[in-house]
Amino acid sequence: MSTVLIRALFTSLLAPAGPALPPVVSRSPLVFFHVDSGGCEACSLEVEALMKGDYGLAEAGIVFTDAPRIADMLLVTGACTRMMAPVVKAAWEAMPKPKGLLAVGACAIDGGPFTENYAVLGGLEKRASVDCAIPGCPPTPDAILQGIISLLSPTPAPVPEA
């Protein structure tokens, strides 16, 4: 998808005459806090590619922060390890309400290839209410972007398989 098309799509979604933002959004811009909770880090690299790429996120009102206290959405990648579970929980509790949870990649959703064991708790689907799950191993930046767009649209579209 070209940058011009993505920017046009965001402009149409976020224009004053466009659809209202979903209830999970507390203010504009939509602020994400990213936590990699374990795994191979491939999904984290794809999130970084989205953040640093020329997708026009800032112009569309989507930003990433290093502080969960100002975030609207918690974006989690990787299977949740026992060592990272307290970090994910602390980030969630630090976020103001209303807030949402975005699981990116197979590991974050259901554990992917990392089965539950002494070190790994698995994915988020059994432990939390996920607002948007983006499948893939890893999902592409375009698939992650489509998941974010589905959060902004009044009738959520299905997230494409990566």
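User: In what order do the elements of the protein chain run from the N terminus on?
Analyst: The order is α-β-α-α-β-β-β-α-β-α-β-β-α. This is a predicted model.

User: How many helices and strands is that?
Analyst: The protein chain has six helices and seven strands.

User: What share of the residues is buried?
Analyst: Of the 162 residues in the protein chain, 44% are buried.

User: What part of the contacts comes from residues 24 or more positions apart?
Analyst: They account for 77% of the contacts with a separation of 6 or more.

User: Core next. How many residues are in the largest nonpolar core, and which have the most contacts inside it?
Analyst: The largest nonpolar core holds 20 residues. Those with the most contacts inside are Phe 32, Leu 50, Leu 102, Val 104, Ile 134, Ile 144 and Ile 148.

User: Which elements give two or more residues to this core?
Analyst: Strands β1 (30–36), β3 (73–77), β5 (100–104) and β7 (132–134) do. So do helices α2 (42–52) and α6 (141–152).

User: Which one gives the largest share?
Analyst: That is α6, with seven residues of this core.

User: Take Leu 102. What is it in contact with, leaving aside neighbours within four places in sequence?
Analyst: Leu 102 is in contact with Phe 32, Met 73, Leu 74, Leu 75 and Val 76, among others. Its list also includes Cys 132, Ile 134, Ile 148 and Leu 151.

User: What other core lies apart from the largest one?
Analyst: There is another core of 14 residues. Among them are Phe 33, Val 76, Val 88 and Leu 101.

User: Pockets now. How much space lies in the largest one?
Analyst: The largest pocket has about 210 Å³ of space.

User: What lines it?
Analyst: The lining includes Leu 74, Cys 80, Leu 101, Leu 121, Leu 124 and Ala 128. Ala 85, Val 88, Lys 89, Trp 92 and Arg 127 line the largest pocket too. Helix α4 (residues 85–94) gives the largest share, four residues.

User: How does that lining split by class?
Analyst: The largest pocket is lined by nine nonpolar, no polar and two charged residues.

User: How many cavities of 30 Å³ or more are there?
Analyst: The count is one cavity. The largest cavity has about 80 Å³ of space.

User: Which residues are closest to its centre?
Analyst: Cys 40, Glu 41, Ala 42, Cys 43 and Gly 78 are closest, out of 13 residues that line the largest cavity. By class, its lining has six nonpolar, five polar and two charged residues. Helix α2 supplies the largest share, three residues.

User: Back to Glu 41. What is its phi?
Analyst: Glu 41 has a positive phi of about 70 degrees, although it is not a glycine. Glu 41 sits in the loop between β1 and α2.

User: Where are the cis peptide bonds?
Analyst: One runs from Lys 97 to Pro 98, with omega near -5 degrees. Pro 98 is in the loop between α4 and β5. Another joins Cys 137 and Pro 138, with omega about -10 degrees. Pro 138 lies in the loop between β7 and α6.

User: Last one, Glu 59. Buried or exposed?
Analyst: Glu 59 is exposed, because its relative accessible area is 62% and exposed means over 50%. Glu 59 lies in helix α3 (residues 57–60).

User: How far is Glu 59 from Pro 29?
Analyst: They are 9.5 Å apart, C-alpha to C-alpha, and 30 residues apart in sequence.

Key. Residues are numbered from 1 along each chain as its sequence is written. This is a predicted model: local features need pLDDT of at least 70, side-chain atom pairs count only at pLDDT 80 or more; totals for chains, interfaces and linings use all residues. Side-chain values use heavy atoms; hydrogens and water are left out. Buried means under 20% relative accessible area, exposed over 50%, partly exposed in between (1.4 Å probe, protein chains only). Contact means heavy atoms within 4.5 Å. A nonpolar core is a set of buried Ala, Val, Leu, Ile, Met, Phe, Trp, Tyr and Cys residues joined through side-chain atoms within 4.5 Å. On a 1 Å grid over the protein atoms alone, a cavity is a set of points where a 1.4 Å probe fits but cannot get out, and a pocket is an open set with protein on both sides within 12 Å along at least five of seven lines; lining residues have an atom within 4 Å of a point. Grid points are joined across faces, edges and corners, and a volume is the space filled by probe spheres set on the points. Ala, Val, Leu, Ile, Met, Phe, Trp, Tyr, Cys and Pro count as nonpolar, Asp, Glu, Lys and Arg as charged, and the others, Gly among them, as polar.
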